[in-house]
Amino acid sequence: MFEGLRLQHWRTQVRPDGIVVLTLDRADQNVNALSRGVLDELASLVERLAIEKPKGVVFCSGKAAGFIPGADIKGFEAIHARGETFDWIRSGQLLFDRISKLPFPTVAAIHGHCMGGGTELSLACRYRVASSADNTRIGLPEVKLGIYPGWGGSVRAPKLLGAPAAMDLMLTGRGLRASQARAMGLVDKVVEGPLLVDAAIELAKKGTQRPLKQRLTAWATNTWPARQVLANMMVKQVSRKARKEHYPAPFAMIEAWRRNGVSNVGKALMAEAKAVSKLATGPTAMNLVRVFLLMERLKGLGGKDHGIQHVHVVGAGVMGGDIAAWAAFRGFNVTLQDREMKFIEPALKRADEFYTKKIKDEAKRAETRARLQADVEGAGVAKADLVIEAIYENAEAKHALFKKAEETLKPGAILATNTSSIALEILREGRTDAARFAGLHFFNPVAMMPLVEIVQHDGLDAETTRRLAAFCKAIDKLPVPVAGTPGFLVNRILAPYMQEAILLFKEGVPGAVIDKAALKFGMPMGPIELVDTVGLDVAASVGKIMAAFHGQPLPDGLTVEEGKRGKKDGQGLYKWENGKAVKPQVPADYKAPDDLEDRLILPLVNEAVSCLADGTVADADLLDAGVIFGTGFAPFRGGPISHARAAGPAKLKATLEALAAKHGDRFKPRPGWDAL
């Protein structure tokens, strides 16, 4: 059947019963990302299948990791540079459309990750069967890249699932477990992994009928009247979480569906191709693709070999306790030490609550909890391959702790500090093995924040940095190596932003107005709410360190009153109720200062330029990645350095000079602007 075809990425099996099994096993990668080469070969196979007309076809993966993670994103820039974006999208559309029209049953056998273009290929098949493995995830996450499904997914998903379920899947970009996909009707059957291909073959032979309720919902929710009503509801829901000018993709997808529906597939596909190609060449998508590639770079910094099995954490406060709980959650044996058991118990309680939420299988939850042990005496230090200090910010106390730990620390073990601001040059003094002493700075909340700063000093061994990066990957965190200067990267860049917000607040600008300006720029949380969340005491401490670092006096207004430190006290710059800030109503006639956004954002960008100039990180990409993943800085802008270059370095430098003349020397452009 396939004689004469030269295939690198696909394996073919023509079974005696007339079923053809096509196995994707991309030759040049560990995963089956859909490259031009993969799709060109698939086009040749589909052309031959259309002629030969077998009894049925099963698509499966030859990779243990999963089915298909989506299109090959690394090739996007080259496609864009050649002006081939529309042609690339349209060719994929037409290929999947040909698959959908094959005159025999087609089945996608899904195991592991099935995302984006992989899910769109499965939607082009008549049936889908998924393995029940824990790592099976099915989704359409293209909105996270500033686009939406462009190979027919935005047309076929609503037609199969009904508009509400399909649009929710595409607008959130979430991945579904096999059981969730089955309940939704996205897959027709769920089986154990070893039975997957056999079940797919059986489905190709016998087929299945979708539930009547699903078919009626799919029809009713895609009619013209339903589209007009539902689209308005969807726009309102999306607008609560994203601005159209920042993230146009979800709004464009809703509008294309509202106008075109799914009954005329050819018309809907053309509308999809035009809209997605326009989005793909816009600044939001270009920056979000860059952010994705930066994330992949961070994941690859340390490799896999870290040589760490046992982690010992000293300090069972919120940070230390949550670091310990997370490390155990990710498979490491962990001991947690503090002065008395009463200080450890709250951390263990939080861990139990976290595991209950995240691990549904009771046996696995018990295994995870067993890996986390209280250790008041500190016996775990002698067994540990990595010791993490997470006590309060006091250099003398940390030195005493390090000295005690070094008495029993085994050869080759790494000693790390979670300090958020103290220079590593200070903390490394007196270490018995400075080459294996580093900063490992996590962010709060540990379970949610993806970044970890690996804080370096001139006596640190490069192998220690590599091992810590590999450890970060093993616990599903993104490592960024940074210099050991005060504040490191993220806190150093955030400090002037937060300080300026407090000064504006003290000047009488309402907190809600300040926060609204930051949200309008694209920050995930307003700075006044952020200061309260972090704690006014912590913000003042970091601010004091950073002011001394720059040789400047701490700006007036950064005082902390007892019992009014922010969210943790229920009162700070805002009052807090049930974990949420209560923001006072802003008078209707209030007019915000014309330079409000510049006063907030440019100190942050100014400090980022300074960090790049003095080598706090190795390059601009790492800096942008660190700030995005460490602070949530407007991802659609690509990071502070990317934003500065897009806005024009000369223009922003001139604006800083004008702000300095009006408001003070804290706005003076730092060294590095001319090099951008």
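How many helices and strands are there in the chain? The chain holds 28 helices and 20 strands, where helices (H or I, at least four residues) and strands (E, at least two) are DSSP runs numbered from the N terminus. The model is predicted, and local features need pLDDT of at least 70, side-chain atom pairs count only at pLDDT 80 or more, and totals for chains, interfaces and linings use all residues. Residues are numbered from 1 along each chain as its sequence is written, and side-chain values use heavy atoms, with hydrogens and water left out.

The overall dimensions come first. Along its principal axes, the C-alpha trace spans about 80 × 65 × 45 Å. Contact means heavy atoms within 4.5 Å. Among contacts between residues at least 6 apart in sequence, 74% join residues at least 24 apart.

Strand E5, residues 106-110, contains valine 107. This valine counts as buried because its relative accessibility is 0%. Leaving aside neighbours within four places in sequence, valine 107 is in contact with Val57, Val58, Phe59, Cys125, Tyr127, Val129, Ala200, Leu203 and Ala204.

Another strand, E2, spans residues 19-24 and includes threonine 23. Threonine 23 has 10% relative accessibility and therefore counts as buried. Not counting residues up to four places away in sequence, threonine 23 touches His9, Trp10 and Arg11, as well as Cys60, Ser61 and Gly62.

Among the helices, H5 covers residues 153-161 and is mostly covered, with eight of its nine residues buried. The buried residues of H5 are Gly153, Ser154, Val155, Arg156, Ala157, Pro158, Leu160 and Leu161. Glycine 162 follows H5 and has a positive phi, near 90°.

Terms used
Buried < 20%, exposed > 50% of the residue type's maximum accessible area, 1.4 Å probe, protein only.
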